[in-house]
Amino acid sequence: ADESSSRSLLEQAKQFEQAQRYGDAITIYRTILQRDLENDDIRAALAKLLSWQGAHAEAAELYREIIQRHPTDLDVRTALARVLSWQTERKEAQQLYEGILQENPRHLDALQGLGDLLFWEERAADALPYYERAYAIGHDSKIAERIASITRANPPPDNPQPTIPSGFTPQERTEQLAQAQAWERSGAYG
């Protein structure tokens, strides 16, 4: 009977969540969690909704509890990083994102999350490669819009000058440039 009651409550919480009645869903998730203290799926659902409602500190604490039991769960670590970035605990959030990306360089939510964090810190040029990698994986139109806005705000120079490796004397630079131009003219270059 207890299991049936919990399943019924869970269905009701999911219905409230779908109807965007988050306060009601939170109340039910709390009830279920009181009955089953080890249920990390419910704990994660509760943390997600709390974070959406602005209860970032409580959401972060719930995510930390899950991570203590499941330290390799990249999705929960990403969720914690996202909440921390909303709390302006950005240094810790960045460390979490970077650790996740070391383990899985294609983790879409971590790529986007780190891009967002850097963008919010007004480091758009640093954010751009993370957004580009995320877009290459997920093709999300919102990420494409962010990439376009960064690119518009920081256009590449119209006529970039080739860089000549440092360490050459002016005479060597002139010789290297003349050789490169000769190769280009002869079609032997590129």
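Trainee: Why is glutamate 17 called buried?

Mentor: Glutamate 17 has a relative accessible area of 16%, and buried means under 20% relative accessible area, with exposed over 50% and partly exposed in between (1.4 Å probe, protein chains only), so glutamate 17 counts as buried. Keep in mind that this is a predicted model, in which local features need pLDDT of at least 70 and side-chain atom pairs count only at pLDDT 80 or more, while totals for chains, interfaces and linings use all residues. Residues are numbered from 1 along each chain as its sequence is written, and side-chain values use heavy atoms, with hydrogens and water left out.

Trainee: What makes the pair of glutamate 17 and lysine 48 a salt bridge?

Mentor: The closest N and O atoms of glutamate 17 and lysine 48 are 2.7 Å apart, and a salt bridge requires a side-chain nitrogen of Lys or Arg within 4 Å of a carboxyl oxygen of Asp or Glu, so the pair qualifies. Glutamate 17 lies in helix α1 and lysine 48 in helix α3, so the pair ties together parts that are 31 residues apart in sequence; helices here are DSSP runs (H or I, at least four residues), numbered from the N terminus. Lysine 48, with a relative accessible area of 29%, is partly exposed.

Trainee: Why is the pair of tyrosine 22 and tryptophan 52 called edge-to-face?

Mentor: By the rule used here the count comes to one aromatic pair. In that pair, tyrosine 22 and tryptophan 52 are 5.4 Å apart centre to centre, with 70 degrees between the planes. Rings of Phe, Tyr and Trp (its six-membered ring) pair if their centres lie within 6.5 Å, and planes under 30 degrees apart count as stacked, over 60 as edge-to-face and the rest as tilted, so this pair is edge-to-face.

Trainee: How do you know that the charged end of arginine 146 sits over the ring of phenylalanine 119?

Mentor: The charged end of arginine 146 is 4.0 Å from the centre of that ring, whereas the rule asks for NZ of Lys or CZ of Arg within 6 Å of the ring centre and within 35 degrees of the ring normal. Arginine 146 also meets aspartate 116 in a salt bridge (3.6 Å, N to O).

Trainee: Is aspartate 116 buried or exposed?

Mentor: Aspartate 116 is buried, with a relative accessible area of 7%, whereas arginine 146, at 25%, is partly exposed.

Terms used: Helix = DSSP H or I, 4+ residues; strand = E, 2+ residues; numbered from the N terminus.
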